[in-house]
Amino acid sequence: MNLAVTALDSTHGFLSPSGVEIVFVLVGLGVLGAALLTVTTKQLVHAALWLVVALGGLAVEYLLLTAEFIAWVQVLIYVGAVVVLVLFGLMLTRAPIGASPDADSGNRPLAFGVALAAAATLVTLVVDAFRSTWIDLGTVAGSTKANGVTLFRYWVLPFEALSVLLLAALVGAIVLSRRNANARDEKER
Amino acid sequence: MTLTLAILVPLLPFLGALAGLAAGRRAPGMVRPLAVLPTLASVVLAVLVAVKLGTGHHLDAATQLTPTGGTPISLSLHLDGIAALLAVLVTVVAACVQIYSTAYLREDPRYPSYAALVSLFTAAMLLVVYSGDLIVLLVGWEVMGVCSYFLVGHHWERSEARSASIKAFLVTKLGDVPFLFGIFVLAADAGTFRINGIVGAAAGGHLHHATLAALLLLGGVAGKSAQFPLHTWLPDAMAGPTPVSALIHAATMVAAGVYLVARLEPVFLLSTAALVVLGVMAVVTMVGSALCALAQDDMKRVLAYSTVGQLGYMAGALAVGDRDAALFHLITHGAFKALLFLAAGVVIHAVHTNSLTAMGRMDGLRRRVPDAYATMGIGLAALAGLPPFSGFFSKDAILTAAEHAARGEALTGGLGPAGNVPSWLGWTVLVGGLLTALLTAAYATRLWLLAFFPVRRAEQAGAPVAPTAAAAAALASDEPAGPVEPAAMKGPLWLLAVPSLALGLVGLWPHALPAWLDGVALTPSGVTWPIATVVALLGAGLAWLAWRRATARVLAEAEADPAAAADPAPLLLGPLLGPARTGFGIDTLYDRAFVRPVLGAARLVSFLDREVVETYVKGAAVTPGLIGRVVRRAQNGNIQGYLSALAAGVVVLAVIVAVAQ
Amino acid sequence: MHLVFPAVLAALLFCVGLYGVLARRNAVLMLMSVELMLNAVNLNLVAFDVWLRDALHAGQALTLFTITVAAAEIGLGLAIVLLIFRHRGTADIDRVGRLADGDETAGDGGEQQARDDEKKAVR
């Protein structure tokens, strides 16, 4: 019901954007630019840093969408942990500092074509479907309290399952990263 | 009793053939007795059967092994005077050939299979002779065809023997196809395959398609009896061993066609068209083959063409409705032609060549092979139709029949209406027969003179050595090997010389032979025999004169061409020599008309098969291969490539779903 | 605010990530691109959650789960990349071609390289 009402609400035009919209679009452009640089730059370390920018920009977008808890989680986990992990990964695989000319593989044109086609399809569909859909940002939707309540009231079982998943991932990562015991024995001998 | 004996006559050579084939490898010593003894026993039995049967009787016996559909096929025996006499001829000739072969093919490693095939051949011919059922007769007929294929191709190492055997087989088979249909037409009209039934239906006027059946049967007869236009296999069949030629030419294979027409003469007499075709065919055959015989250089080919011509005589006699004359000539011809071939075999054995020209250069042949010289003289005299040899009487019987037919009163012996034989056909056969008699005498004389009377050149008077190195080598190599004329060769020669010389005399008794047959008188009539004798003497004289002139010319030009032979053929034939030597180009014609188109079609088919059909097949294999190669390219191990394809597929599906909605 | 803005931004971000996954040679960079795609999904989840005002806050809860899963994924992914690097001496995705059909890559050295690497690792 709510959906139908908002869908028919035609009082909000695209030609008269609100302030939050302008900010959203500008930050969105920044995120998009950073993401593009992440996937195109020749310098591997720079790519990780541009990823920080893109993910941080996304956190701002979450804030603009009034999902504050998600935004902070984003900053904490992604910008804080994941990017650091990625940087470690780059270093451990001896990624060269400075431009590496072969950062892109041979099927770049194919990837470009597929990505472009996907983008065209998705954007066409999304625009076609949600042309006149309006989000009412009047009340905060993602406060920490609300999230905590739903998460530990309704989603507690998946939450616990996820913790097991994380544990499994932790164990798996350790097992994978360990050097082969036999190989080490041979080396020591 | 007579029935049992009659069954044993074809059965013994058949069992001999089987035993010979079985014993051939394991017991080489058994092969000769196994080849000769059953055949000899058959001779005795055939004579016994003939005597027991007596004149004017006939014996019919039939048993049906199993029901065979609409028209029953029965294992039936039909013995009458014709069959009994012919069986005697076949067994005698076969026995002579078997005895002769033991000496002639003494050194041959494939003698066991050869002897077994000859026995089988004999058995098949005896089956044809005795059979009272057309299908059973056809079995013997086809077995003969197969045996002739193997025997003509006995020397299969030589390419001409191979091609000759294939040619003999194909040409006779070509005739057998209409023959088979002719049998079916007859059986459909008469409701039985029994010869008696068919003849009875012919007499009763129940045969509604007599012309069709007779014309179809003529195809097979022309093939087997080597009548124009299917005669071409016979001269080539000379590639086989000489005794085989004697067997095929004298008593078995070629006689089968004439014998069949004789048996079914009442059917033929119902149809003027069939008689006309048969008569014209016979005349063309006899004149053409006599001309060809006059031009040949190969001794055996001369004899082969003479066989074709004599068979033409028999076909002519049948065409004018007189089967007695035809069978008379068949029997005398069987005797003297077997004699001629066996004698020729002795000569060829002695000089190691078939060529008359080469023999003409060889001195002393008469002394080396006196028996062959004498018996061949008898045989050639009989062939030429000189009185009182056998050929004279039988040929004269045919001419008499033709003369009667020309007068409009054909001697059908009560087998059919004489009015169906047109008088112009009688004239044609008569004139053709006389012309052939002239030519036959000429080529017989030429053969004899060329083979046994070499040109005595002046410089050779003191040195009676063979003039050519090859012949000298042949002489030298042959002398120590043994006698040139072993007893096993000489015996059959003289045995056959007796009937060649004297068998004709039975024609003088008005009722001796006709009592066995249809009762038509076979005595020489007052009109034809003086003419025939004069014509034969004229032919022989002309040949002799020409030979004298040729000899004189060779002697005169001895300096220029010492190897020339005194061949009278160029003088006698003039411009016809070239065409006659090649058989009037009929082989070439067949080659152009049939062989090449067939070969072309075969090439086309093979081209279509190889290039078109196979292309489809290959394409069917190559296309999946190419597709597979394309698909393999996708399996390059590049995960990003896989992912790209996956994502592209998802996009495409999304687009399809979106558009479909 | 129009829903179109976050939705289009999420779509474009997803496609940029897709491009990165497909085009980047280094495995770590691929993982980074995967993060971009996951974030695009997160953005969508948050935006639709805000729009629909779900009583269970399913969108945001799922976003949290996704972030957690992404963290686990990048941990495991980097471990695998490290393992590959240790075995092959490289983190380049297109030189890890052992899934290839034998004939096609026999010539380009990928297979040979891999075998050599394995031998080295065993020693």
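Among contacts in chain C between residues at least 6 apart in sequence, 49% link residues at least 24 apart; a contact requires C-beta atoms, placed from the backbone, within 7 Å. The model is predicted: local features need pLDDT of at least 70, side-chain atom pairs count only at pLDDT 80 or more, and totals for chains, interfaces and linings use all residues. Residues are numbered from 1 along each chain as its sequence is written, and chains are lettered from A and ligands numbered from 1 in the order in which they are written.

Chain C has 5 helices and 0 strands. Helices (H or I, at least four residues) and strands (E, at least two) are DSSP runs, numbered from the N terminus. Of the 123 residues in chain C, 56% are buried (20 or more other C-beta atoms within 10 Å of the residue's own, with C-beta atoms placed from the backbone).

Chain A contributes 79 residues to its contact with chain C, and chain C contributes 62. Helix 5 of chain A gives the largest share of the chain A side, 12 residues. By class, that side has 57 nonpolar, 16 polar and 6 charged residues. Ala, Val, Leu, Ile, Met, Phe, Trp, Tyr, Cys and Pro count as nonpolar, Asp, Glu, Lys and Arg as charged, and the others, Gly among them, as polar.

In chain B, helix 1 covers residues 2–23. Its buried residues include B:Ala6, B:Val9, B:Pro10 and B:Leu12. Helix 2 (28–53) and strand 2 (75–79) of chain B are among the elements that cover the buried residues of helix 1.

Methods:
The expected span of a helix is 1.5 Å times one less than its number of residues. A residue is buried if 20 or more other C-beta atoms lie within 10 Å of its own, exposed if 12 or fewer, and partly exposed in between; C-beta atoms are placed from the backbone. Two residues are in contact if their C-beta atoms, placed from the backbone, lie within 7 Å.
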